[in-house]
Every structure is written in C-alpha cells, then in structure tokens.
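The following report concerns one protein structure. Please consult the sequence and the model alongside the text.

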Amino acid sequence: EQQHEQQPQQEQQHDTSETEQNKPVYKPPNFGFRIFLLLTLAWITLLVIFVLILAYPIKLGRFVLCMFVEIADTYAFVTGFYILWGMCHSIWLIYTWIKPHFQHYIIQNDRVHGMIPKVKSFFEAFYPHALEWVSVILKACIVGILWFGVAPFLVGTWINHTIFIPVRVDINQTPTFYPYYTYALGLLYLKIWYRLMVLDGVNQQWKTHFNKVHQDGLRNMDLLYVLRYVILPVVHFLLLRLCVPYVFNKLILPLFEFPQIIEDYWARYSYLNFSTFVVSINSVTSFANYMVVLHGRIRDDKYLIGEQLQNICEATQSTDQLQQHQQIQTNHTEEQQLLLEEDLSEDELPLQ
C-alpha cells in the first residue's frame, strides 16, 4: 500500500519538474543588441571614470608643474586632483548662493515684459549682494593665501631643516631646495595636524577654534578671529623656529671665529637643537604648572576636610532668616500659652 501511495506522488513530482523545464522563457526583442549596448555603456562608463579620476588630474598636474620643473606623476596627480576639487567646491558654493536669488529673479521676471526691463530687474536683484560678496571674496583670498600658501611652505621648510636635511645630507654637501616639494610636504603635514586637532581629547582649544570657523562658513567668516586664533599662532610657531637659528648662524656665530667645520655642524643642526630646546622648556613649564596644581589639590584635600567656604552675604542672609524664624516661633509659643490660660480660667468659673 505504501508503494502504491508513493508512486502517484513520484509521478506528480516528475510531471511538475518536466513542466518547469519545458516552461517557455520570455526573450525580449533585439536581445543581442541590448546585451551589446549594455557592455558598451559599461565600458564607456569605466573609461570616463578612469579619465576623470586618473588621467585628467595627471594631465592637469603636469601642465601646472611643468612650468617649474619636471616632476613625478604622483605629485602631478595630487596637484591636479586638488585643483579639480577646488574648482568643483567653488562651483558648488556659487551655485548654492545663486540658486535662491535666481529663483527670486525668475519669479519677478515673469511679471516684466521686454528685454531692457528684464535686464534692469536682473541688476536690481543682484546689485545689493554684489558688495557683500566682494568682501567675502577678499576675505577668502586673504585666508587662502595665508593658510594654503604661506603656512604649508613654512611647515615644509621647518620639517626639511629639522628632520630631513640633517638625516639625508652629509656635512660636506650642500642641500638643494625645491619649492614644490617643500610646499607639498608642508601641505601634507599641515592637513595631518589639522585632522589630529579636530579629534576629541587631543586639544580642546584648537578644536573650538576650528569648529567656530566651520560654523561661521565662508559668507559669515570673522577675518580677525581667524587671523588671531588660527593663522597667526601657526605662523608665529613656525617663524620662531626658523628665524632664530638663521639669525644666530648668520650674525652671532661668525663673531666667535670658530673653525669652518664647527660652523657647518652648528648651521646644520641648529634648527633641530633650537626646536628641541623650545620643546624642553615648554615641557618643564607644563610639568611645573601641573605640580603646582597637584600640590594645591593635595593641600585642599588634607586640610579642608569637613569645612565649607561661605560667602559673607549669604552668611548674613542666613543669620537674618534664622533670627526671623526664631522670633516667629517665640511669638507662636506665647500665643499658645495665652490661649491655654484663658481656657483654664473659663473652666474654673463654674466650679466656683
């Protein structure tokens, strides 16, 4: 009986499998042409991505840097990529500014007939914002020249004189300086330092300054704040470590009339020595300030146990409130005593 029951089930399964296998598949018209078109568009997409991401930045970087000197494709790619990124970001900023004003102009322009009135309405719509954006462009140019031009070059120069030249160049050789290498190196390290300062727990003061600049944006940028708290501290830090050793090597060291080999050694390692000296002084002062704060905390924890400092005004107010409260309590007790005496006198009258 079980075999008879399994046979129709197997036959049904076999029939269903045959129907699934023999089920017709829909084939759209021009199927081969569509597959060819899909592969062609995919190849064109890959080609466009390759040109936009690799080839075009390298070409642009070579065109910009070939005016100075021949350079590797890595630096050309980085230079071209940053130029394209700056252009795209500038276009996006201009678009975000023009879009609301342009919509307002279109709404007003629909009500005006004639070419001359339309042009007049266009200038009337954009003239009040022209002076504002002239000031914005001037502030952006000042900040851009100082932050993206002067600061990276100073950073690269300081790192070259402090680390790379003492390590890579012998004392009997003269180092050669390439401005574009120095600028690219400084831009890289400046960007790394900026990313570190923005992180939580590294330096809260720099983080607040950078966050304020980001929140203000380009249009509402406070130029004095940016110069005072962001750009000038960085430039001061770098100029101090570059100018002091240079002045000492060129003006003060020749007065002692040391041999040439000693002057060469001192000139080669003066930047590193001065930077190490400044770091040591800052570390000692920071450690001394920390010890003073720690001594104050230990003293307060040891000698001010169970005591609490109070303000004189608060103390006088608290004493006045206590006196008033005590006076109210005494008056209340006196009233209660008088009421008790009256009740006792009324109870004694009928007895008499």
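This is a predicted model: local features need pLDDT of at least 70, side-chain atom pairs count only at pLDDT 80 or more; totals for chains, interfaces and linings use all residues.

Residues are numbered from 1 along each chain as its sequence is written, and side-chain values use heavy atoms, with hydrogens and water left out.

**Overall fold**

The protein chain has nine helices and zero strands; helices (H or I, at least four residues) and strands (E, at least two) are DSSP runs numbered from the N terminus. Of the 352 residues in the protein chain, 20% are buried. Buried means under 20% relative accessible area, exposed means over 50%, and partly exposed lies in between (1.4 Å probe, protein chains only). A contact requires heavy atoms within 4.5 Å. Among contacts in the protein chain between residues at least 6 apart in sequence, 62% join residues at least 24 apart.

**Aromatic contacts**

Across the whole structure, a search finds 13 aromatic pairs. Rings of Phe, Tyr and Trp (its six-membered ring) pair if their centres lie within 6.5 Å; planes under 30 degrees apart count as stacked, over 60 as edge-to-face and the rest as tilted. Two of the pairs are set out below.

| Pair | Centre to centre | Angle between planes | Class |
|---|---|---|---|
| F77 and F81 | 6.1 Å | 25° | stacked |
| W158 and F237 | 5.6 Å | 80° | edge-to-face |

F77 and F81 are four residues apart in helix α3 (residues 73-109), and therefore about one helical turn separates them. F77 is partly exposed at a relative accessible area of 27%, and F81 is likewise partly exposed, at 44%.

Why does the pair of W158 and F237 tie together parts that are 79 residues apart in sequence? W158 lies in helix α4 (residues 115-168), whereas F237 belongs to helix α7 (residues 223-252), so the pair links these parts. F237 has 35% relative accessibility and counts as partly exposed.

One aromatic cluster is formed by W147, W193, Y194, W206 and F210.

**H209 and its surroundings**

H209 is placed in helix α6 (residues 204-216). Its relative accessibility is 10%, so H209 counts as buried. Not counting residues up to four places away in sequence, H209 touches Y225, Y229 and V230.

**The second largest pocket**

On a 1 Å grid over the protein atoms alone, a pocket is an open set of points where a 1.4 Å probe fits, with protein on both sides within 12 Å along at least five of seven lines; lining residues have an atom within 4 Å of a point. The second largest pocket holds about 500 Å³ of space, where grid points are joined across faces, edges and corners and the volume is the space filled by probe spheres set on the points.

Its lining comprises 18 residues, of which N249, K250, A267, R268 and Y271 lie nearest the centre. The elements giving two or more residues to this lining are α4, α7 and α8 (260-303), and α8 gives the most, with six residues. The lining divides into nine nonpolar, five polar and four charged residues. Ala, Val, Leu, Ile, Met, Phe, Trp, Tyr, Cys and Pro count as nonpolar, Asp, Glu, Lys and Arg as charged, and the others, Gly among them, as polar.

K250 lies in helix α7 and is exposed, with a relative accessible area of 53%. The C-alpha atoms of K250 and A267 are separated by 9.0 Å, the two residues being 17 apart along the chain.
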